[in-house]
Amino acid sequence: MNSQVQGTVMPVLEVSLDNGESVFSESGELGWISATVQMRTGASVGGQQGGLFGALGRALAGGTLFMTEYTAAGGPGLAVFTTKLPGQIVPVELDGSRGYLIHRHGFLAAQLGVQFTVGFQQSLGAGIFGGTGFRMQRLGGKGTAWVELNGEVITYDLQAGNTLRIHPGHVGMFEEGMPFSITTVPGIQNALFGGSGLFLATLTGPGKVWLQSMTMSRLAHAIAEYLPQRDR
């Protein structure tokens with residue numbers, strides 16, 4: 001199996017499959033496939049564990065209930081997956097020793113052997129996400145996964161004890177095991193008039209973190225005034 005990322009602002013992931021090889025993704029991520037690639041959709045395809053309850057957990061974490069597996073049959077095949085927003089596609093190599101937490105719309109595709117599950121959820125009340133809460137997905141197992149991060153991607157390799165306080169929407173991905181929490185913005189004036197919401201995510205080293213410069217919530221807010229309004 002070979003892969004390459006094509007494009008710049010709105011990249012796509014091209015996965016070249018040898019006969020019998022497979023890759024899986026969430027529903028709705030596919031761009032196009034060659035004629036030799038067969039599709040199979042279900043709650044537990046792609047070697048995912050947990051059955052229906054595992055699928056429900058992924059859905060609660062921001063994913064889709066069903067996954068789709070793409071297999072080259074009768075010869076080599078090509079499967080291409082597209083991004084939802086301008087940004088970058090980041091490959092993640094998993095060897096079974098460490099997992100990664102990714103933002104709730106970050107999973108793009110993976111080889112068989114990768115486990116895609118719910119990471120954790122934390123309620124933010126009526127804060128910056130309008131009550132929907134903060135959710136993370138988890139990548140584990142063995143194999144290569146591809147993660148979609150929005151906007152420009154900035155990475156930090158935090159040393160032990162070093163802490164970053166981050167607007168939650170900018171948290172793209174981080175190594176599992178890093179101390180993580182959600183805290184309120186200090187000071188009433190900062191929280192009410194600072195324009196960054198009521199909450200900050202706190203990540204402490206050691207470990208690596210990938211931050212994304214674009215958030216879906218801010219993009220939606222920026223274009224909201226240009227959308228047609230229904231007459232009341």
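This is a predicted model: local features need pLDDT of at least 70, side-chain atom pairs count only at pLDDT 80 or more; totals for chains, interfaces and linings use all residues.
Residues are numbered from 1 along each chain as its sequence is written, and side-chain values use heavy atoms, with hydrogens and water left out.

Let's start with a sheet of 4 strands, open and antiparallel, in the order β1-β2-β7-β4. Strands here are DSSP E runs of at least two residues, numbered from the N terminus, and two of them pair if DSSP finds at least two bridges between them. At the edges sit β1 (2-6) and β4 (30-33), each pairing on one side only. From one strand to the next the twist averages 20°, with axes taken as lines fitted to C-alpha atoms and angles running from 0 to 180 degrees between N-to-C directions. β1 and β2 (residues 12-17) are joined antiparallel by 5 bridges, and N2 faces S16 of β2 across that pairing.

Now for the 3-stranded sheet, also open, with antiparallel pairing in the order β14-β17-β16. Because β14 (163-166) and β16 (180-184) each have a single partner strand, one side of each is left without a neighbour in the sheet. The average twist here is 25° from one strand to the next. β17 (residues 199-204) makes 5 antiparallel bridges with β16 and 4 with β14. F199, meanwhile, partners T184.

How enclosed is β17? Well, 6 of its 6 residues are buried, so the strand is largely enclosed by the rest of the structure. (Buried means under 20% relative accessible area with a 1.4 Å probe, protein chains only.) F199, A201 and L203 cover one side, with L200, T202 and T204 on the other.

That brings us to the nonpolar cores, sets of buried Ala, Val, Leu, Ile, Met, Phe, Trp, Tyr and Cys residues joined through side-chain atoms within 4.5 Å. The largest has 19 residues, and L94, F107, L139, V147, M173 and W210 touch the most other members. Two or more residues each come from β8 (87-95), β9 (100-103), β10 (107-111), β11 (114-122) and β12 (134-150), with β12 giving the largest share, 4 residues. Apart from this core lies another, of 15 residues, including F134, M136, F180 and V209.

Key. Buried means under 20% relative accessible area, exposed over 50%, partly exposed in between (1.4 Å probe, protein chains only).
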